[in-house]
Amino acid sequence: MRAPVFLLLIFAFFLNPLFAAGVISISGTQIPVIEGAKADQEEEILSGEARIATYFTERPLEEAISFYESFFKGNGFAVIGGRDSTGFNVAVKKGNSMFSLRIFTQAGRTAIQFIW
Amino acid sequence: MLRFFFKSSFILLIALFLSGCATTFNPATGRNELIFINSPTEVAMGHNVREELLKNHPLSKDARLNAKVEAVGRRLASASDRQDVQYKFYCLEEKELNAMALPGGFIYVNSGLMRILNDDELAYVLGHEVGHVAARHIAKKIQANMAYQLILGVAFAGMGDSAGSSAQNVAQGVDTVYNLVSLGYSRQDEYEADRIGVKYSFRAGYNPYAALSALEKIKKAEGPDWKILGYFRSHPFADERIEALERAIPKITGAEP
């Protein structure tokens, strides 16, 4: 009885990578989601020409920004943009994967928003 | 009735959700707007699109015109509500009476147009193009007409790891952006750029009524075909724009409440 339940859980985990702890997959590239961040609803917008996924965390803005600055630098991403008045706003590229990332404060929490 | 209520509430909820997630306030327009293309990406796109522009439209070698467009442009740039891009002003050696703004604040005026305008009138034309940049008309038009991946492709053209990026796709993307910009904007965006342009030229110390004389001069210079040539092909609805500006200028300058 336990095995099928366990298998079902594993299956559910891989069905919803967006909501799995730890990563978001963008054009085949696994991008870490800072620990503790919870996914908001993924929206498809502009008639399917762009997707947006937003996560919220209680971690401070500066911590989230430093996390992604280090990640992009340490993993060979080309970066356009950086810190701005709202927090952090970049477009990044590595291989086939290109996306934008915004990190800002909303309602007292840190928002991490991917657009691709 | 109930169905209508639920449908409207659903649409409102989606709109509120989206507006909470990604909108930013634009001081040039006074509105919260949903724009995915951030300023550095817009500037990177502009850099790559200007390469395309300059292949077919050479920069002017006239030192007087270059000095004038830079001097007037600098004052307009200081007056803009949008200061997160570095506005750059250039004169192209082209007879056609035209001006355009590329993504990221690159503004071009043709020598043919500069030669018929005085400084105040030039300030209106440059202010109008700065207005398009400040109001994010260019970014909005691009994001409404291009896939987001293609937009990023244009921004990253020539950068980073290009493995897997089709050079042909990127070149097509650059062409698409250039064509979108060349074709001009909606009537609403043109009116808005006119108002913002006059506001900025007035703020910069120029005569706001020069906007009217500039448009009349351009109409006269283009002759009977003014509706299909040069400036008004890409900036249409001249008579309506002149009328709208006549009403708007007293409010912009504070002469009327």
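This note sets out, point by point, the packing and secondary structure of a predicted model.

1. Conventions. The model is predicted, so local features need pLDDT of at least 70 and side-chain atom pairs count only at pLDDT 80 or more, while totals for chains, interfaces and linings use all residues. Residues are numbered from 1 along each chain as its sequence is written, chains are lettered from A and ligands numbered from 1 in the order in which they are written, and side-chain values use heavy atoms, with hydrogens and water left out.

2. Chain A. This chain has 2 helices and 9 strands (DSSP runs numbered from the N terminus: helices are H or I of at least four residues, strands E of at least two). Read from the N terminus, the order of its elements is α-β-β-β-β-β-α-β-β-β-β. Of its 116 residues, 43% count as buried (under 20% relative accessible area, with exposed over 50% and partly exposed in between, for a 1.4 Å probe and protein chains only). Among contacts (heavy atoms within 4.5 Å) in chain A between residues at least 6 apart in sequence, 43% join residues at least 24 apart.

3. Nonpolar cores. A nonpolar core is a set of buried Ala, Val, Leu, Ile, Met, Phe, Trp, Tyr and Cys residues joined through side-chain atoms within 4.5 Å. The largest one holds 78 residues, of which B:Tyr87, B:Leu126 and B:Ile142 touch the most other members. Helix H5 (residues 119–134) of chain B supplies the largest share of this core, 8 residues. Another core, of 23 residues, lies apart from it and includes A:Ile26, A:Ile31, A:Val33 and A:Trp116.

4. B:Ile142. Not counting residues up to four places away in sequence, B:Ile142 touches B:Ile37, B:Met45, B:Pro103, B:Ile151, B:Val177 and B:Leu180.

5. H3(B) and H5(B). The axes of helix H3 (residues 63–79) of chain B and H5(B) come within 9 Å and cross at roughly 60° (axes are lines fitted to C-alpha atoms, for helices over the stretch in contact, and angles run from 0 to 180 degrees between N-to-C directions). H3(B) is therefore oblique to H5(B); angles under 35 degrees count as roughly parallel, over 145 as roughly antiparallel, 65 to 115 as roughly perpendicular and the rest as oblique. Residues of H3(B) in this contact include B:Val69, B:Val72 and B:Leu76, and those of H5(B) include B:Leu122, B:Leu126 and B:Val130. By class, the contact has 7 nonpolar, 2 polar and 2 charged residues (Ala, Val, Leu, Ile, Met, Phe, Trp, Tyr, Cys and Pro count as nonpolar, Asp, Glu, Lys and Arg as charged, and the others, Gly among them, as polar).

6. H2(B) and H7(B). Helix H2 (residues 39–56) of chain B and helix H7 (residues 148–155) of chain B have axes that come within 7 Å and cross at roughly 65°. That makes H2(B) roughly perpendicular to H7(B). B:Thr41, B:Ala44, B:Met45, B:Asn48 and B:Val49 in H2(B) meet B:Ile151, B:Leu152, B:Val154 and B:Ala155 in H7(B). This contact has 7 nonpolar, 2 polar and no charged residues.

7. H2(B) and H8(B). H2(B) also packs with helix H8 (residues 167–182) of chain B, at an angle of about 85° and with the axes 9 Å apart. These two helices are therefore roughly perpendicular to each other. Among the residues that meet are B:Met45 and B:Glu52 in H2(B) and B:Val177 and B:Tyr178 in H8(B). The contact has 6 nonpolar, 1 polar and 2 charged residues.

8. B:Asn110. This residue lies in strand E5 (residues 106–110) of chain B and is buried, with a relative accessible area of 7%. Leaving aside neighbours within four places in sequence, B:Asn110 is in contact with B:Cys91, B:Leu92, B:Glu94, B:Glu96 and B:Asn98.
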